[in-house]
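Here are a few exercises to work through with the model open beside you. Try each task before reading its solution.

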Amino acid sequence: MGETGILAALPMNEFVFFINKGLLAGLIIGSVYALGAVGVTLIAGILRFSHFPHGDMMTAGAFFALILTAIFPTAGALIGLPTPFVLMPIAMAITALFAIGIDRVFYKPLRTANVKPIVIVMASIGVMLMMQGLIRLFGGTEARQMEAGSKDIYKIPFGGRDIILTEPQLLLILFTAAVVVALHFFLTRSRMGKAMRAMADNADLARISGISTDHVVRTTWVIAGSLAAAAGTLLALDVSLKPDLSFNALLPIFAAAIVGGIGKPFGAIAGGLLVGFTETLAVFNWSVLLRPLQPFMPEWLELPQKLAFVPTEYKIVIPFFILIAVLIWRPTGIFKGSLVK
Amino acid sequence: MRAEVPTGTCAPLEHAAGTMTTIIDVQNVSKRFGNLLAVDGCSLKVEKGSITGLIGPNGAGKTTMFNMVAGAFAPTSGKILLDGKDVTGLPAHELFSRGLLRTFQIAQEFSNMTALENLMMVPANQSGENVVNAFFRRGRVMHEERGTRGQAEEVMQLLRLTHVKNERAGNLSGGQKKLLELGRVMMTEPRVVLLDEIAAGVNRTLLNDLAAAVERLNKEKGLTFFVIEHDMDLIARLCDPVIVMAAGSVMMQGPMEEIRRHEGVIEAYFGGGKVEKRA
Amino acid sequence: MITYRTRALLMISGTAVLVALVFAWLGAAYGVRMLVEASCFALIALGLTIQWGYAGLFNVGVMGFIATAAFVSMLVSYPVNGLFWNSAGPAMLGRVGLYLVIGVALTFAASQTHLLGLPKKYRTLVTLIVGAATYLAVTSALDPAASLIEAEARFVGGFGMPVWLGWLLGGIAAGGLGWAMGRITLGLRADYMAIATLGISEIVKAFLKNADWLTKGTLTVSPLPWPVPTPTELGFVMSRASYLAVTATLIVVFYVLLERAWASPWGRMMRAIRDNELSAAAMGKDVNRRRLEMMVLGNFIIGIGGAALVTFSTIFDPASFQPLNHTFLIWVMVILGGAGNNLGTILGALLVYIVWIMSEPAALFLFDHGATLANQLFGWEAPADLATRALQMRVFVIGLVITLVLRFAPQGLLPEKVVKYE
Amino acid sequence: MSLLEMTDIHGGYGGANILNGVNISIEADEIGVIVGPNGAGKSTTLKALFGLLRVSQGSIVFNGGPITNFAPEKLVREGLSFVPQEFNVFPTMSVHENLEMGAYIRRDDFRHLLDQVYGFFPPLKDKRKQPAGELSGGQRQMVAIGRALMTEPRLLLLDEPTAGLSPLYMDEIFDRIIAINKSGVGILMVEQNARQALAIAHRGFVLATGRNRFTGTGAELVADPDVAKSFLGGGE
């Protein structure tokens, strides 16, 4: 054996396959769910309703980035990063304003007329359909590439095969890490961050402490809108911009928010990663990993070609079962958010 | 039946030998919320045909005790008997079918239904509540409905609410909602009626009507009442015996005149007498 | 304020005028077809209106119940597939069924082990392990059976029984799914129940799309037998008219029953639970059991309407089930028509469906002219897929209608009837 | 000119009025205590003062200016501060963060105020980082009062501050209230423990069925046997 030591002994190809298809894939989709879930959990914690149009807000954010890229195609080249990523902050700002506008026009009047909370959820379903209609009207129904040209691919040699990570995927992971840090400081250091936690904890007490509800609500929509835009843009950069993202993203994002504990942004991030990893690992083809052990296994136990907990077509089942499992065993979620009962 | 016990402890009252006259029998019940022991080894009885009052300063545990008897939540330990049968921890709808009817401090009317319908929904096991009967046995259901409606109209007249019978219950005044809720008592034959702070948010004249209605039901129909109330004058007028709770258990029981003169009770109210038992 | 009676008359005449317009413009064959589909949607809407209007249950998984009922109805009424019954398929499926039964029994037994003194923590662990083992055993037995069936007989085929029995069993299956979902989600707050129902309908759709051995998946199953002579025998107008007669009678039957139930003690009890759950429980009503009952009954009616709708299209295509057409369109019908008002819901369904169908040619017409006009004025080139995009405008309109109705006419066009006794 | 004048206040929770003509007045550096049997309208009076329910008749003058039916957010800026009886802390936020939230409307550096509050409530100093929800009843009450002090109010409103506390904490809370008052903060407190509260009160108001029954200095009211009896009604 050329190389000595542990690297040579381990079945490197399979291990790298597991890292690429299992861990990295889980981290990437988990990050997208986390970014979406933070917005959903803040809205649920502070405005007390489940925000159905969140998936479409992600798509809308991606579209704004797409349009901006078309207007300033060379922006990225200056810094050596993909243009949509460079212009993403602007798209985030536009989506945030968009979110504030929707709240003022659709949800605020219902709140002031203090209707039953479920009516606001129904209104959000109406808004979801309106957004879906507009997105498909202006953006068409086919998937689109965010940027012409190929993406740079980073190869990290690790024993036999390489760990593969495309540039957008790396940017997504780094961006999510940055959001976690920023969110931590915002929520624990800044005045508005603490005011938001206060409002989620005890809205009446916040009000008599002089905290203005409108201010907190506006900030909630800014965070929810901008993070949704980032999640949508980065997902579109990694894969492609699909207008029907709304439904497939909705269930995992809600599962992530509920698993993490409603009203707890850190819970949403942990929940997002948990759902992302569970999804990829449940669909992962474990027989690939078991193949090197084949010689050690008894003859009669022949290894099926495909051994996954759940076939890929049924990926949607996983967030649903996580959701139900949490609702039955741990209704407050990991970080003890508000009760879902 | 009067027994005096020193403040704070809860000696079991002499149990009249198994008389069938006891409707509600609470035996050594405790309730803990986290490390707060709200009710601590409390025993009390409500005799058939009586209007028994339950009073005590805030934090004495009387609301917790009342809600346990009404089936809102189960006690941590101890037993509650209704008509001699153990009903500890049974849900509210189960207690209703065994003859326990409760009213609410803030009236809980069915807001989108008319006042008359609010009363007509009260009687239990109406045949029309079975969806098959509602669909296919129209004759029998209609016959029964006429009876229920007649009874409801009667109660409306008694409470002088006939003029609002087709009004949405949500649009009634606070007083009318209270009267309507009391009207529910006359729609069934309850073994015992739990009145939860009936005087709360009610003006003087209406309070007289409510008190008169309770007295009439007790005298004419022999209905048993278990009343939790802050308004001492109403308690004095309606209730005998009156049970005083303090610091999570029964402190004394007897007619109101005597309670008013009892030093321990005055001190419990005035001094706050709040002795919270730490775990 | 316009009285209830005039509102009802206005709505009826409005719908009649619209129907007449469609007949005049697009001919009888198209007109009758539209009426049949509208009547199926009206049935589905009736099922939804009693859930939301009577009992306040928020069901956003209507598509899942329609798909379940349509599938069971197809399974029951589709002609027998000789290839399957002669192959080894039935035996293998029998084995899978056996594994399933044993597995479920074991899992249930495991979940009761706390009676034998096993501490609660371990009990859940044991149950999970036994459950996972059952799942793996069943799937490992199912995969070979499925591939064999698909290879030899394309799919299981039907049982060749009469179509009305198919609809009935389809309704019962949807009711059963409603029961199961009710058991899981009843304790939840309404918006989490909504998310759970949304999840279930997506899972049902995913299952039907991928269980090729049962549904031929994307290859679709057709022609689905009709309960009445088909167009080849009677010609389009007459066969569709007879189909309409079937669905119309179903509507009348359910309308009469539900109208009767609204004012009956049963309806009154449901409305009491909707208005004030705490007080209803104190008045002796078993709130959870009654909500479960409504989940079953509501979804039973939704199932029958769904089965009728899919049978009429003669094609069972799992991919054709869309949340927009099969959940939210029906929600608009109920909210606009009047939740809890049976007549309002039926008229709402007819009205909204006609507008929904007519909006297709109207949108295309509008966008074409718009595009040519824009082209002439400032040479704007319309994108190639303008037509498909035009149809998306309808999605926007549906969403707009929901938000506007909630804001300005929450009671709907024909509000819920207050039961008065003169 | 007194700090607070509530004259002939009528009001309630929308239904029948609970308050039928309540009069309360406090001087600048006084401790005022409102006691009385349950349902007498004690807490309702405090909530009416702080704008948490509508006053249908009567007027409230604070520091010379009318504040009848002002919204709570506005009153906080006028120098009033309110400690509710229940749910009076932000449970998942640390003690320190609770106090910071109390100072939300301040734009200046309020570190000196933090030290002052820790001075009043020494046990809170080493529990600074702990979530308020995990503290014992008594300590939680200290956090609630501390939060309300962060706006340097001229009048601090307390709704049954010793409800549900053991005698140990009850005495400690009363001592703290005296210390806070001595530092120049007016106190208006509704209390269940009438005897101890009146013992530390400069001025006492005994309510019954939404009206004033007895008014006087704390000492006078404690000495008068009729006051105690009025708690059991029958005195009309």
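**Exercise 1: the sheet of chain D**

Strand 3 (residues 31-35) of chain D and strand 9 (residues 203-208) of chain D pair in the parallel sense over four bridges. Strands here are DSSP runs of E with at least two residues, helices are runs of H or I with at least four residues, and both are numbered from the N terminus; two strands pair if DSSP finds at least two bridges between them. The model is predicted: local features need pLDDT of at least 70, side-chain atom pairs count only at pLDDT 80 or more, and totals for chains, interfaces and linings use all residues. Residues are numbered from 1 along each chain as its sequence is written, while chains are lettered from A and ligands numbered from 1 in the order in which they are written.

*Task.* Work out in which order the six strands form the open sheet of chain D.

*Solution.*
- Begin with the pair above: in strand 9 of chain D, Val206(D) is the residue opposite Val35(D).
- Now extend to the whole open sheet of chain D, whose order is 6-7-8-3-9-10, with mixed pairing.
- Strand 6 (80-83) and strand 10 (211-216) of chain D each have a single partner strand, so one side of each lacks a neighbour in the sheet.
- From one strand to the next, the twist averages 15°.

**Exercise 2: helices on the sheet**

*Task.* Find which strands helix 6 (residues 137-149) of chain D touches.

*Solution.*
- Helix 6 of chain D packs on the sheet and touches strand 6 and strand 7 (155-159). Contact requires C-beta atoms, placed from the backbone, within 7 Å.
- The direction of this helix makes about 165° with that of strand 6 of chain D. Axes are lines fitted to C-alpha atoms, for helices over the stretch in contact, and angles run from 0 to 180 degrees between N-to-C directions.
- Next, helix 7 (residues 167-182) of chain D lies across strand 3, strand 7 and strand 8 (186-190), at about 150° to strand 8.

**Exercise 3: chain A against chain C**

*Task.* Determine which helix supplies the largest share of the side of chain A that touches chain C.

*Solution.*
- The contact takes 36 residues from chain A and 35 residues from chain C.
- Helix 5 (83-112), helix 6 (117-139), helix 11 (245-260) and helix 14 (317-329) of chain A each supply at least two residues of that side of chain A.
- Helix 6 of chain A gives the largest share, 16 residues.

How values were computed
Contact = placed C-beta atoms within 7 Å.
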